[in-house]
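Reader: I have a structure open and would like to go through it piece by piece. Can we start with some side chains?

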Amino acid sequence: MAPGLSMAQRAGVEPDGPSYDDLYRIHRARVLRLCRLLLGDPDEAEDVGQEVFVKLFRASQRPHDPHMAWGAWLTRVAVHACRDRRRSRWWRRWWTAATVLDEESIASGWRTPEGEVVGADQQRRIWRAFEQLAPRQREVFVLRHVEGWSTREVADAIGVETGSVKRHLFRAIRHLRTALGEES
Amino acid sequence: MIRHLEDRTMLETLEGRGSLREQEHLRSCAACAARRASLVRDLEVLSSVLRDGPLPRPVASPVAARRWMTLAAVVTAAAVVAWVLSGRTPVPEQMASAEPLSLSQVSDAVFATDDVEQLAEPVRATDVAAVQAALRGEWPCAREDPWLDQDCD
């Protein structure tokens, strides 16, 4: 086997597109976090993340557009994989729904990239409120405000009308803002 | 002049979809502008915490234990009900309509033995004597037991 070749190059992926290894390195943390946000359970998120990258590897082996937007593709695949997992493991969801956040694992004061310091109590309230969102509201909020997709892109990705996306988004934001405004 | 913008409309304006009239209101109304700024700030905080903030670890809560205890109680109750109901199962029709057995059939069944060696063993004379003596209300003198055979000559 030729040394220095990436896994995708060895598998015969288009040489002018990004290699599988590059995509894995660039997107792994983001996809795992997305799965964690959508599923809540770190172990399940890890499992689903592995599934997503197995699908990426298979897709990258097939002929494809060298300019393909793999980031968006990965996000869509991850959202659907999380939804499938949630449906197939309802019993586990029933169990993990009865989990609480480990208060000690939240930093006492965390500075956002915009420079704003978010206190531990505020972070706890945000995570608790986020955990309480309905699955669809979570998906919509994460895709729109964490991944930064447009309402139209979110609607296309999850297969609903833009009006439905707006409704879910509005309810999610109202719930999260209520939690944000609560006194400790 | 229009009324203050509703939250839903405010969100629409953030997406760049508000009407010209609503956009104009936002520029002229200090209260709505402040609400909009607050909404923008909240969304930034929410997005930042979820996207970049430290992820909290989930731990099992007492609610989880209560859920399992409830489930276990329901399953146990269901098992007890099933057991009780199975005890009340009506006699199958075949058994209910069977003819009554004769005394000899019952006797054969009760005293039947599967022990072939026992069947092959001849009946001892002392046993016969003991049975006959017992029928007469006496005790046989087999002279095998010094204590029991004290009255024998």
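Author: This is a predicted model. Glu139(A) and Arg136(A) are 3 residues apart in helix H7 of chain A, so about one helical turn separates them.

Reader: What do the side chains of Glu139(A) and Arg136(A) form?

Author: They meet in a salt bridge, with 3.3 Å from N to O.

Reader: Is Glu139(A) buried or exposed?

Author: Glu139(A) has a relative accessible area of 2%, so it is buried, the cut-off being under 20%. Arg136(A) is partly exposed, at 26%.

Reader: Which other residue forms a salt bridge with Glu139(A)?

Author: Arg86(A) does, and the closest N and O atoms of that pair are 3.1 Å apart. The pair links distant parts of the chain: Arg86(A) is in helix H4 (residues 70-88) of chain A and Glu139(A) in helix H7 (residues 135-146) of chain A, 53 residues apart. Both Arg86(A) and Glu139(A) are buried.

Reader: How many salt bridges are there over all chains?

Author: A search of the whole structure finds 17.

Reader: Give me another one, please.

Author: Arg28(A) and Glu46(A) form a salt bridge through their side chains, at 3.2 Å from N to O.

Reader: How exposed are Arg28(A) and Glu46(A)?

Author: Arg28(A) has a relative accessible area of 26%, so it counts as partly exposed. Glu46(A) is partly exposed as well, at 32%.

Reader: New topic. Which residues form the positive surface patch?

Author: Arg167(A), Arg171(A), Arg174(A) and Arg8(B) form it. Helix H9 (residues 162-181) of chain A gives the largest share, 3 residues.

Reader: Where does Arg174(A) lie?

Author: Arg174(A) lies in helix H9 of chain A. Its relative accessible area is 47%, so Arg174(A) is partly exposed.

Reader: On to chain B. What does its secondary structure come to?

Author: Chain B has 8 helices and 1 strand. From the N terminus on, the order is α-α-α-β-α-α-α-α-α.

Reader: How much of chain B is buried?

Author: Buried residues make up 18% of its 153 residues.

Reader: Which residues make the nonpolar surface patch?

Author: Leu101(B), Val106(B), Val110(B) and Phe111(B) make a patch of about 440 Å². Phe111(B) lies in helix H6 (residues 103-111) of chain B. Phe111(B) has a relative accessibility of 65%, so it counts as exposed.

Reader: What does the model score for ipTM and pTM?

Author: The model scores ipTM 0.80 and pTM 0.65.

Technical notes:
Residues numbered from 1 in each chain as written. Chains lettered and ligands numbered in written order. Predicted model: local features only at pLDDT ≥ 70, side-chain atom pairs only at ≥ 80, totals over all residues. Heavy atoms only, no water. Patch = residues over 30% accessible without salt bridge, like charges linked within 9 Å, V, L, I, M, F, W, Y side chains within 5 Å. Areas by Shrake-Rupley, 256 points an atom, 1.4 Å probe, with all protein chains shown as cover. Salt bridge = Lys/Arg side-chain N within 4 Å of Asp/Glu carboxyl O. Lys, Arg positive; Asp, Glu negative; His and termini not counted. Charge placed at Lys NZ, Arg CZ, Asp CG, Glu CD. Helix = DSSP H or I, 4+ residues; strand = E, 2+ residues; numbered from the N terminus. Buried < 20%, exposed > 50% of the residue type's maximum accessible area, 1.4 Å probe, protein only.
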